[in-house]
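Here are some notes for a colleague who is opening this structure for the first time. They are meant to be read with the sequence and the model side by side.

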Amino acid sequence: MATPLEEWVEEQARLTKPDEVYWCDGSEEEAQRLVEIGMTQERLGDHPVFYELSHKNFPNSYLHRSHPTDVARTEHLTFVCHPDEVTTGPNNNWMHPNEAVEMLTKLTDGCMRGRTMYVLPYMMGHPDNPFSKACVQLTDSVYVAVSMRIMTRMGEAALARIGSSDNFVKGLHSVGDLDPNRRFIMHFPLDNLVWSVGSGYGGNALLGKKCFSLRIASWLGLHEGWLAEHMLIIGVEDPEGEITYMAAALPSASGKTNLALLQSTLPGYRVWTVGDDIAWMYIGDDGRLWAVNPEVGFFGVLPGTSMKTNPNMIRCLASGEFFPTLFTNAALDVDTREPWWEGKDGPVPEHVEDWQGKPWTPGSEKTAAHPNSRFTVSIAQCPSTSPEFHNPKGVPISALLFGGRRTRLIPLVYEAFNWQHGVFAASAMGTETTSAAMHMVGMLRRDPMAMLPFCGYNMGDYFRHWLTMGQRIPHPPKLFFINWFRTDDSTGEFLWPGFGENIRVLKWIADRVRGRIGARETPIGLMPHQGDIELSGLNVSQEALERLFKVHREAWLAEAAEVGQFYEQFGDRLPPELWEEHHALVKRLEGSA
Ligand code: SAT
Ligand code: MN
């Protein structure tokens, strides 16, 4: 008798009508065959799915050039389909599930004709962790199949977990005809289903990532009492060998992967990588908050990656231990057949093809690599990967960090007075936008907990869930706010060197968590005493330091007013505690004149 999984696959095959159905086992040999297929198979209409790159410096690496209109997440085409619109919230596009299924069924009918349907069984999370989820994605893209092997634990473990049950997360994906007018990324939280048509881009097509591990999982977390967050996870080791684990929420393309793989400039300190994008956090038997990275790969922004900004990532990309490493929408050094990108170490090569394969010179108007060009690479081959990465339980979190790109206002670091105040400040987070999503670049966008595009339900309820979790965690982590991006008003230059030097801020956070140092109270939170941020060997002037920590009363009052406007959209779903915190902040600021 057919299992529920087999029945579901058959049913989808009847709808999508592929020439062939192929079940992936996630093996290296299979990945090699799929890459071979991708090198001969044409991407819709024109060039191949994969180009082989030189394996000299980047072993096992391949280039993928996407369709020019398919280079980033498309938030306006991303929907949550719950029967109740209010539950979905003002933070999501909404469509009634019946309507969505009808529309998607039409779009999907016969969409895999002439193609192979790949069946990808995979785990999000370690198979030995009870919180982990077994998932199956169907796709007609060989690029997506290969990417999913890098990003997830694919194969037998997931099939074993599913067995003859119907307990698995479903993903149906087709690149369709890549027409943006027929592109939809649809989430059905009540059915554990993601249905995505018309895009092959990471966040739209690797359905285990943002779609399941954040949008659907955040909904599961609300009902099951845990948190699915857009956070990196690191362990900060001090000279005594003590490791303090932290999780940090930063919006897409604001240095999250650099922080996750940070190479310390402070002697005796070291950062261990557990994750760079997603954290699932649950309350452990010991009353602490434990974090797991459900993924096993990095899907990171390529431009700007260098030995200066992220030496561990350069080493990781050069490792070639795991097959394969993908470069998506990178430029190509035609003479060496190496990938190239803006900000890469070394001189600009003489002959460059841009991300679409057109000849490029440094004088060209556009960049050679797409600004949102990406690498897809296994976390296992990264030199900073924590030995605890393989621990099914994850790691115990002592500090939660929240940050964004803010050229003004937010100090280098401050600590929340308590959990509730921290949830308020995290809900008010903002960032200056970049190219990871298709919208205007350089505007301030409120992005609570870096989850605005990823929270799968009403954000008012999400804030409530955070407040409730704080009460339920017997030994909660402390909450901190960071900002590497503050600039000098007159010169526009960054006040803080960033990258490896950020260890100095992490050290302060670890010292606070371990009760080694005090802090001073300001209207916005707790800040370092003078001399408590280790500055030895660093060329930051006293004046710059003062500006990094300056709290401009008027600017903060203006910020508070904006946050109030942002809150309005959540109506009575916004927990009153957050309004209380908002009023308390305004009062403290007014009282500080
Ligand atoms: O959404 S993706 O995972 O494709 C990248 C990002 O925006 O963080
Ligand atoms: Mn992300």
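Buried is used here for a residue with under 20% relative accessible area, exposed for one with over 50%, and partly exposed for anything in between. The model is a predicted one, and the points below should be read with that in mind.

1. Helix 13, which spans residues 503-513, is mostly covered, since 10 of its 11 residues are buried. After helix 13 comes Gly-515, and its phi is positive, near 70°.

2. Which residues hold the manganese ion (ligand 2)? The ion is coordinated by Lys-210 through NZ, by His-230 through NE2 and by Asp-277 through OD, at 2.0 to 2.2 Å. Along the sequence these donor residues follow the spacing K-x19-H-x46-D. Lys-210 belongs to helix 8 (residues 208-224), whereas Asp-277 is in the loop between strand 15 (270-275) and strand 16 (279-283), so this pair ties together parts of the chain that are 67 residues apart in sequence. Lys-210 and Asp-277 are both buried.

3. Ligand 1 is surrounded by 10 residues, and the closest of them are Arg-73, Gly-203, Lys-209, Lys-210 and Ser-252. The side chain of Arg-73 places an N or O atom 2.6 Å from an oxygen atom of ligand 1, and a polar side-chain atom of Tyr-201 lies 3.1 Å from an oxygen atom of the ligand. Taken alone, ligand 1 exposes 250 Å², of which the protein buries 98%. Ligand 1 sits in the largest pocket, and helix 7 (202-205) and helix 8 each supply at least two residues of the shell around it.

4. Where is Asn-60, and what does its side chain reach? Asn-60 is found in the loop between strand 2 (51-52) and strand 3 (61-64), and its side chain reaches the backbone oxygen of Gly-320 at 2.8 Å. Its relative accessibility is 19%, and Asn-60 therefore counts as buried, given that the cut-off is under 20%.

5. Some backbone geometry is worth checking by eye, because most residues other than glycine have a negative phi, and most peptide bonds are trans. The peptide bond from Phe-323 to Pro-324 is cis, with omega near -10°, and Pro-324 lies in the loop between helix 10 (311-317) and strand 19 (325-328). Asn-329, which is not a glycine, has a positive phi of about 60°, and its place is in the loop between strand 19 and strand 20 (331-333). Asn-329 counts as buried, at 3% relative accessibility. Leu-409, again not a glycine, has a positive phi of about 70°; this residue is in the loop between strand 25 (395-403) and strand 26 (413-415), and with a relative accessible area of 9% Leu-409 is buried.

6. Gly-26 lies in the loop between strand 1 (20-23) and helix 2 (28-40), and it counts as buried at 13% relative accessibility.

7. Two further pairs can be set beside that one. Met-154, in strand 8 (residues 153-154), is 19 residues from Cys-135 in sequence and 9.3 Å from it in space, C-alpha to C-alpha. At 14% relative accessibility, Met-154 counts as buried. Lys-106, in helix 4 (residues 97-108), is 60 residues from Asp-166 in sequence and 25 Å from it in space, again C-alpha to C-alpha. Is Lys-106 buried or exposed? With a relative accessibility of 63%, Lys-106 counts as exposed.

How values were computed
Residues are numbered from 1 along each chain as its sequence is written. Chains are lettered from A and ligands numbered from 1 in the order in which they are written. This is a predicted model: local features need pLDDT of at least 70, side-chain atom pairs count only at pLDDT 80 or more; totals for chains, interfaces and linings use all residues. Side-chain values use heavy atoms; hydrogens and water are left out. Donors are N, O and S atoms within 2.8 Å of the metal (3.2 Å for Na, K and Ca); water is not among the atoms, so sites may look incomplete. Helices (H or I, at least four residues) and strands (E, at least two) are DSSP runs, numbered from the N terminus. Buried means under 20% relative accessible area, exposed over 50%, partly exposed in between (1.4 Å probe, protein chains only). A residue is near a molecule or strand if one of its heavy atoms lies within 4 Å of it. A polar contact is a pair of N or O atoms within 3.5 Å; within protein, one must be able to donate a hydrogen and the other to accept it, and residues adjacent in sequence count only if both atoms are side-chain atoms. Accessible areas come from the Shrake-Rupley method with a 1.4 Å probe; for residues, only the protein chains shown count as cover. On a 1 Å grid over the protein atoms alone, a cavity is a set of points where a 1.4 Å probe fits but cannot get out, and a pocket is an open set with protein on both sides within 12 Å along at least five of seven lines; lining residues have an atom within 4 Å of a point. A molecule sits in a cavity or pocket if more than half of its atoms lie within 2 Å of its grid points.
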